[in-house]
Every structure is written in C-alpha cells, then in structure tokens.
Amino acid sequence: MKNDAWRNMWIQILKSLVVWLCFVPVAILNGGLRQYVLDKVLGQWALPVSGALLSIFIFLITWALLPRLGEMRKMGAYIIACLWTGLTVLFEFAFGMMEGKTLGELLPAYNPLTGNLWLLVVLVTAVSPIIVCRRNKPEVNG
C-alpha cells in the first residue's frame, strides 16, 4: 500500500470515531425507551427487545454513515471493528463504574442467558464495519 493510501486509511479510521460517537446518544435513548416504555409494556421481554433494537440501530447508523467516509479497504474495516468494539466495552464499563457498579455487577450483562443481549450489541458493533465495507466494495481486498 502506498504512503498516501495508508494515510487515507488512518484518516478514515479517525473519522469513524464520529460515527461511533453517534451510537452513544442512541444507546442512552434506547435505555430510556426500555426503562420508561418497554418495561411497562413488555415486562421481562423489555431487556432482550431493547438489546435487539440497539443492535439494529447500530447497524443502520453504520450502514448510513460509514460509506460517507469514502472507499474503505478491508484492513481499515477490521481496524475500525476492533476500535469500535474496544471503545464500546470500555465505555460500558467506565459508565457503569461511574454509576457505582462493581465489575461483578457489570459482567452478567455479557451472559445472554440472563436475557440481556448486550453481547449481541457488542458483536454487531464489531461486524457492522466489515459487513458495510464488503457490501459497498466487495472487489477491494487490500
């Protein structure tokens, strides 16, 4: 890859942080929707429905905004996937600990058997850039 291509890829990766930042208010609004509406209407199903909705929102935001950054190389998509996944997990733990939760209280969110689909949200965050990159430019391999 030429130096310009590397530079452009890293600029796209940095710009992708703006796309990731769009997830934060959507996640907060989704949490409010769950707490004030879905819990009352769906009861025990509110948590998994909320997780599924957030996953859909994350994918749609990625689908709509990531291609606007320009032609994405496969390597850039994988780096973005790792970056977004790390930021998502870091943000969740930091936010939870700021609320006074312990690590032991935060870890069960990663167990889908509890009805919490947070692990799905993290996985969708990870694969969305890769899927969008492949969909928009399947012939780009480098």
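Is C82 buried or exposed? At 59% relative accessibility, C82 is exposed, where exposed means over 50% relative accessible area, buried under 20% and partly exposed in between, with a 1.4 Å probe and protein chains only. The model is predicted, so local features need pLDDT of at least 70 and side-chain atom pairs count only at pLDDT 80 or more, while totals for chains, interfaces and linings use all residues. Residues are numbered from 1 along each chain as its sequence is written, and side-chain values use heavy atoms, with hydrogens and water left out.

The cysteines can be taken further. A disulfide is a pair of cysteine sulfur atoms within 2.5 Å, and by this rule the count is 0. For C82, the closest cysteine sulfur belongs to C133 and lies 13 Å away, too far for a bond. C22 also has its closest cysteine sulfur in C133, at 19 Å, and this too is too far for a bond. C22 is partly exposed, with a relative accessible area of 27%.

The interior comes next. A nonpolar core is a set of buried Ala, Val, Leu, Ile, Met, Phe, Trp, Tyr and Cys residues joined through side-chain atoms within 4.5 Å. The largest one here has 27 residues, and F23, L66, W84 and W118 have the most contacts inside it. Two or more residues come from each of α1 (3-42), α2 (46-65), α3 (74-98) and α5 (118-136). The largest contribution is that of α5, with 7 residues. Helices (H or I, at least four residues) and strands (E, at least two) are DSSP runs, numbered from the N terminus.

Contact means heavy atoms within 4.5 Å. Apart from neighbours within four places in sequence, L66 touches S16, V19, I61, M72, I80, W84, P129 and V132.

V49 is in helix α2 and is partly exposed, because its relative accessibility is 30%. With neighbours within four places in sequence set aside, V49 is in contact with L38 and L42. V49 and W84 are 35 residues apart along the chain, and their C-alpha atoms are separated by 22 Å.

N116 lies in the loop between α4 (103-106) and α5. N116 is buried, because its relative accessible area is 17%. Its side chain reaches the backbone nitrogen of W118 at 2.9 Å. Beyond neighbours within four places in sequence, N116 is in contact with L47, A109 and N111.

Definitions and conventions
A polar contact is a pair of N or O atoms within 3.5 Å; within protein, one must be able to donate a hydrogen and the other to accept it, and residues adjacent in sequence count only if both atoms are side-chain atoms.
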